[in-house]
Amino acid sequence: MRGRFLTLSRVKLELARRRMSATSVPSMADFLTKKTYTPPSWSSHLLPIPSHTFSLAHLPTPIHRWNLPGLPNGTELWIKRDDFTGMELSGNKVRKLEFLMAEAVDQNADTVITIGGIQSNHCRATATASNYLNLNSHLILRTSKLLADEDPGLVGNLLVERLVGANVHLISKEEYSSIGSEALTNALKEKLEKVGKKPYVIPVGGSNSLGTWGYIEAAREIEEQLKSRPDGLKFDDIVVACGSGGTIAGISLGSWLGALKAKVHAFSVCDDPDYFYDFVQGLLDGLQAGVNSRDIVSIHNAKGNGYAMNTSEELKFVKEVASSTGVILDPVYSGKAAYGLINEITKDPKNWEGRKILFIHTGGLLGLYDKVDQMASLMGNWCRMDVSESVPRKYGVGKMF
């Protein structure tokens, strides 16, 4: 009997191994390795197809139920934890960097340049990935006019960037607005080339047509995760934040072309929906996708007071979600997207009844450290521990020094 049990166990293990192999689940042994890229069959007509990727993210990221309070009857909300793609490399940006950093290495770059806000998750991830691959990094960070001439400090993403040795270049919002990100990165590129460097420029958020492949690939990952489930789960909607456009272009195109066929809702945290429809269209045209952005994604305005600026209601929502579900949202991206989703559901609950929704958490935990002053008033759950006199005391018990 014991021999039969062992035989059945070996059969089950072999079947599990084959399933893992069939779904191309990355192995941790692949981490920081460059690999030839084979696209999903349904995207093989897109051009250009990347030749290689660098394994930088911990994939696949898990999907689990997310029981936010106040959902309509029969509505199921699930969450994909792309905040789990790593530690210092956490968030959605690392998926794009897998393709972008592979191209940088292919071009024999020794330096990477990118640009973003003062608490940019993308810049932090780029600086870390560059260090992993023995490349120097230069970050152009947008800040207020008053702070552009001062030491930027060590809060949140800045701490990681400066720990890994990134070269930080501060620019005021006014200069950024009048010059533009492309001209600023090109100016720094020319300056570095004059001293013998070979820089590779990554745009804001890693959002170009090459970076878009990161979330085309994520769509395949979600497909494979659903295939492995015994309950036949299928999503009606996918919800994600939009800050630079590459993530929503990739997941929308992947859902449209592949087996998911879910309706994608993007919540923009800066600019307005028309801007992003046009920007995403440019990314799609860059891949010769032959589809209209307005056909594959619905973009909602969720910027509120502006990029990286929060209302007290938004921050209270982030706190309530953490308290009720254990999921910590960042205030700049996923926090605003989830807040926008709940507002949409509240306005028209019938439209969401019975639907299965997948929310993609794009990371950004470090951004919360920049909001501690604003959130302090929400944190009242502490007190001085009161130990009764009846509790015995003995000197030296529990001594830690």
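**Loops, cores and overall form**

Reader: Between which two elements is the loop in which Lys261 has its place?

Author: The model is a predicted one, and in it Lys261 has a positive phi of about 55° although this residue is not a glycine. Most residues other than glycine have a negative phi. The loop that holds Lys261 runs between helix 8 (246–257) and strand 10 (263–268).

Reader: Is Lys261 buried or exposed?

Author: A residue counts as exposed when its relative accessible area is over 50%. The relative accessibility of Lys261 is 51%, and therefore this residue counts as exposed.

Reader: What is omega, roughly, for the peptide bond from Leu59 to Pro60?

Author: Most peptide bonds are trans. The bond that joins Leu47 and Pro48, however, is cis, with Pro48 found in the loop between strand 1 (34–36) and strand 2 (52–54). Pro60 is found in the loop between strand 2 and strand 3 (63–65). The bond from Leu59 to Pro60 is likewise cis, with omega near -5°.

Reader: Which residues touch the most other members of the largest nonpolar core?

Author: The largest nonpolar core has 60 residues, while a second, separate core of 27 residues includes Val239, Val269, Ile357 and Leu368. The members of the largest core that touch the most others are Met101, Ile251 and Leu253.

Reader: Why is the protein as compact as a globular protein of its length?

Author: The secondary structure comes to 13 helices and 12 strands, and buried residues make up 47% of the 401 residues. The globule rule gives 21 Å for 401 residues, and the protein is as compact as a globular protein of that length because its radius of gyration is close to this, at 23 Å.

Reader: How far apart in space are Ser324 and Pro39, C-alpha to C-alpha?

Author: Ser324 lies in helix 11 (residues 312–325) and is partly exposed, with a relative accessible area of 44%. In sequence, Ser324 and Pro39 are 285 residues apart, and in space their C-alpha atoms are separated by 39 Å.

Conventions: Residues numbered from 1 in each chain as written. Predicted model: local features only at pLDDT ≥ 70, side-chain atom pairs only at ≥ 80, totals over all residues. Heavy atoms only, no water. Core = buried A, V, L, I, M, F, W, Y, C linked by side-chain atoms within 4.5 Å. Buried < 20%, exposed > 50% of the residue type's maximum accessible area, 1.4 Å probe, protein only. Helix = DSSP H or I, 4+ residues; strand = E, 2+ residues; numbered from the N terminus. Rg over C-alpha atoms; globule rule 2.2 N^0.38 Å.
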